[in-house]
Amino acid sequence: ELRPWMQTTTWSASEIKFVRSGFRIVSETQNPDAARGKTGHLYMDEYAFYQFQREIFRAAAASTESRPDLRITLVSTPNGQGDHFHEVWTDKQFYGDWSRHEVDIHKASAQGMPVNVDAIRSKYTADQFAQEFECSFLGGDVSYFDAVLWAQSIAERAGKYSKIILGIDAASVVD
């Protein structure tokens with residue numbers, strides 16, 4: 001019954017086009033300008049790990065603002081606090097019109113996913129399991145320096161350069 005709907009005219013690494021509907025699935029790079037000027041539903045998988053999250057989002061959001069029939073879907077495993085995915089997930093005042101749906105391993109198991117949660121948990125540290133399987137945004141409690149501290153660590157000074165930004169590699173033994 002679905003076979004006629006699944007026939008394609010294009011099938012490549014970057015595009016699939018369906019015969020009957022004309023619907024296209026296009027794969028873009030994570031280039032900050034990749035979504036600029038495109039029109040359509042945008043699905044970004046593992047968004048918290050995108051290198052240019054804010055730039056891609058800004059370009060994509062502009063093309064969907066005037067089209068209420070289009071949507072942007074962000075799907076991801078959390079990748080700590082302070083990135084744009086964390087901001088969209090937690091800032092319900094600014095992103096209040098976004099719906100949020102969380103499915104951790106416990107909910108998936110309760111809904112019938114055949115998985116042994118305890119067996120999986122035994123293969124990971126508590127922090128790894130919390131992030132990868134329980135949708136936890138790990139933050140300052142598991143870091144030497146939390147994201148809020150880093151964001152506030154900018155010193156103002158008069159002169160040619162108005163800001164000094166200090167970067168520290170917490171894993172380095174010579175800093």
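## A buried aromatic pair

F57 and Y95 are both buried. This is a predicted model. The two rings form an aromatic pair with centres 6.2 Å apart. Their planes meet at 80°, so the pair is edge-to-face. The cut-off for that label is an angle over 60 degrees.

The pair links distant parts of the chain. F57 sits in helix α2, which covers residues 53-64. Y95 lies in the loop between α3 (84-90) and α4 (105-110). The two residues are 38 residues apart.

## F94 and Y95

Y95 has another ring partner, F94. The F94 and Y95 pair is also edge-to-face. Its centre-to-centre value is 4.8 Å, with 80° between the planes.

Is F94 buried or exposed? F94 has 62% relative accessibility, so F94 counts as exposed. Buried means under 20%. Y95 is at 6%, and therefore counts as buried.

## Other ring pairs

How many aromatic pairs does a search of the whole structure find? The search returns 9. Ring pairs also link a cluster made of Y47, Y50, F85 and F137. A pair of aromatic rings is described by two quantities: the distance of the centres and the angle of the planes.

## The sheet

The structure has an open sheet of 3 strands. Their order is β1-β2-β3, and the pairing is antiparallel. The edge strands are β1 (8-11) and β3 (24-26). Each of these edge strands pairs on one side only. On average, neighbouring strands of the sheet are turned by 5° against each other, direction ignored.

Strand β2 spans residues 15-18. It is joined to β1 by 3 bridges, and the two strands run antiparallel. Which residue of β2 is the bridge partner of T10? The partner is K17.

With a relative accessible area of 46%, R24 is partly exposed. That value falls between the 20% limit for buried and the 50% limit for exposed.

What does R24 touch, leaving aside its neighbours within four places in sequence? R24 is in contact with E15, I16 and K17. K17 is also the bridge partner of T10. R24 and T9 are 15 residues apart in sequence. Their C-alpha to C-alpha distance is 9.9 Å.

Methods: Residues are numbered from 1 along each chain as its sequence is written. This is a predicted model: local features need pLDDT of at least 70, side-chain atom pairs count only at pLDDT 80 or more; totals for chains, interfaces and linings use all residues. Side-chain values use heavy atoms; hydrogens and water are left out. Two strands pair if DSSP finds at least two bridges between them. Helices (H or I, at least four residues) and strands (E, at least two) are DSSP runs, numbered from the N terminus. Axes are lines fitted to C-alpha atoms, for helices over the stretch in contact, and angles run from 0 to 180 degrees between N-to-C directions. Rings of Phe, Tyr and Trp (its six-membered ring) pair if their centres lie within 6.5 Å; planes under 30 degrees apart count as stacked, over 60 as edge-to-face and the rest as tilted. Buried means under 20% relative accessible area, exposed over 50%, partly exposed in between (1.4 Å probe, protein chains only). Contact means heavy atoms within 4.5 Å.
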